[in-house]
Amino acid sequence: MTQLTGDPAAWLADYGDALYRYAMLRVRSEPLAEDMVQETLLAAWQSFAQFNGQSSVKTWLIGIMKHKIIDHFRKYSHETESLDDFEDTDELLAHSFDADGHWKIKLIDWGTPDKSINDEQFWQVFYRCLARLPQNMADLFILRTVEGLSSEECCKVLAIETTNQLCVALSRTRLKLRQCLEIQWFDQG
Amino acid sequence: MLSCKKMTDLLSDSLETRLPWPKRWAMKLHLMVCVTCRRYRRHLLFMQKMLAGGRGKAMPLPEAARLRIKEKLAGKTKGWD
Ligand SMILES: [Zn+2]
């Protein structure tokens with residue numbers, strides 16, 4: 001796409017699904033996700049002059065939506081937002097490993113994904129755990145794992161400086177998500 | 001030998017990129033003797049499969065919503081370009 005004026009209709013056709021999916025995973029509401037797609041495309045159209053072509057259009061649009069989602073949570077969430085999203089990750093690390101870095105917790109056998117993948121209740125828990133992650137972590141996990149953005153694109157959108165930091169953040173995110181799923185789902189039987 | 005904590009990072013990294021062989025070798029050795037890390041690895045693959053292949057992808061923008069957005073955008077961006 002090299003046109004000088006932005007084309008929201010074309011963006012909607014090409015990236016509507018990706019934007020909607022991302023919004024749905026974060027806000028869990030169809031009407032809200034729809035609004036966000038619309039607002040994102042409108043904002044993109046208005047600020048198209050600032051798009052420098054250094055990232056793909058998809059990455060640029062996702063970056064705009066990321067801010068819309070943050071704004072939404074600022075307005076409507078009563079949870080106080082921690083400045084350091086990775087703050088209580090230290091607690092989880094201390095809970096999980098001893099001083100030598102060996103596991104001090106037992107992990108439950110989860111079985112195979114095939115069973116859970118069709119279980120509506122499991123998905124509800126999965127979404128809840130995803131929603132509980134600090135915003136940066138949720139964004140990172142969704143954009144990298146679901147949308148398949150490259151490491152470089154993720155760094156750009158999330159303002160992470162190096163791919164090494166990205167890898168550490170992803171590892172911590174997985175540790176957290178795993179812990180939540182284990183407690184909320186697998187340890188319930 | 002690698003610590004389990006370090007293993008969780010390497011296991012996560014190995015989902016992102018192909019690690020150099022010394023790291024892969026060290027992981028292999030650790031996994032041979034550590035049942036908890038073997039389980040952790042299975043949990044990571046589980047989560048990856050759920051999101052990358054499962055429901056994550058199956059959430060397209062509904063056609064009705066797409067049309068509504070299209071109309072609103074057309075209304076708001078009309079005459080500007
Ligand atoms: Zn281990």
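## Zinc site

With angles of 101 to 112 degrees among its 4 donor atoms, the site of the zinc ion is tetrahedral; four donors count as tetrahedral if all angles lie between 85 and 135 degrees. Donors here are N, O and S atoms within 2.8 Å of the metal (3.2 Å for Na, K and Ca), and water is not among the atoms, so sites may look incomplete. The protein donors are B:C4 (SG), B:H30 (NE2), B:C34 (SG) and B:C37 (SG), at 2.0 to 2.3 Å from the zinc ion. Along the chain these donors follow the spacing C-x25-H-x3-C-x2-C.

Both B:H30 and B:C37 are buried. Buried means under 20% relative accessible area, exposed over 50%, and partly exposed in between (1.4 Å probe, protein chains only).

## Basis and confidence

This is a predicted model in which local features need pLDDT of at least 70 and side-chain atom pairs count only at pLDDT 80 or more, while totals for chains, interfaces and linings use all residues. Residues are numbered from 1 along each chain as its sequence is written, chains are lettered from A and ligands numbered from 1 in the order in which they are written, and side-chain values use heavy atoms, with hydrogens and water left out.

The model scores ipTM 0.83 and pTM 0.81. The predictor's confidence in each residue is given as pLDDT, from 0 to 100. Chain A has a mean pLDDT of 85, with 92% of its residues at 70 or more. Chain B averages 88, and 89% of the residues score at least 70. Among the elements of chain A, helix α2 (residues 30-46) has the highest mean pLDDT (94) and helix α5 (residues 113-117) the lowest (81). Among those of chain B, the highest mean belongs to helix α2 (residues 21-33), at 96, and the lowest to helix α3 (residues 35-53), at 90. Over residues 80-86 of chain A, pLDDT stays under 50, and the model has 9 contacts beyond four places in sequence for this stretch.

## Chain A: fold and domains

Chain A has 9 helices and 0 strands. Helices (H or I, at least four residues) and strands (E, at least two) are DSSP runs, numbered from the N terminus. The C-alpha atoms of chain A fill a box of roughly 60 × 35 × 35 Å, taken along the principal axes. Buried residues make up 53% of the 189 residues in this chain. Among contacts in chain A (heavy atoms within 4.5 Å) between residues at least 6 apart in sequence, 69% join residues at least 24 apart.

The chain is divided into domain 1 (8-78) and domain 2 (81-186), with bounds from an automatic or database domain assignment. The contact between them takes 17 residues from domain 1 of chain A and 15 residues from domain 2 of chain A. Taken over C-alpha atoms, the centres of the two domains are separated by 23 Å.

## The largest nonpolar core

A nonpolar core is a set of buried Ala, Val, Leu, Ile, Met, Phe, Trp, Tyr and Cys residues joined through side-chain atoms within 4.5 Å. The largest one has 83 residues, of which A:W11, A:L41, A:W60, A:L61, A:W103, A:L177 and A:L181 touch the most other members. Helix α1 (residues 8-27) of chain A gives the largest share of this core, 10 residues. Domain 1 (8-78) and domain 2 (81-186) of chain A both give residues to this core, so the core lies between them. In soluble globular proteins, nonpolar side chains tend to be buried together.

## Chain B

Chain B has 4 helices and 0 strands, in the pattern α-α-α-α along the sequence. Of its 81 residues, 42% count as buried. Among contacts in chain B between residues at least 6 apart in sequence, 51% join residues at least 24 apart.

## Contacts between the chains: A:R174 and B:S12

A:R174 lies in helix α9 (residues 163-186) of chain A and is buried, with a relative accessible area of 1%. Leaving aside neighbours within four places in sequence, A:R174 is in contact with A:F141 and A:T145, and with B:S12, B:L15, B:E16, B:Y40, B:L44, B:M47 and B:Q48.

B:S12 is placed in helix α1 (residues 4-16) of chain B and is buried, with a relative accessible area of 1%. With neighbours within four places in sequence set aside, B:S12 is in contact with A:C167, A:L170, A:S171, A:R174 and B:L44. B:S12 and B:M59 are 47 residues apart in sequence and 26 Å apart in space, C-alpha to C-alpha.

Conventions
Tetrahedral: all angles 85-135°; square planar, octahedral: opposite > 155°, others 65-115°.
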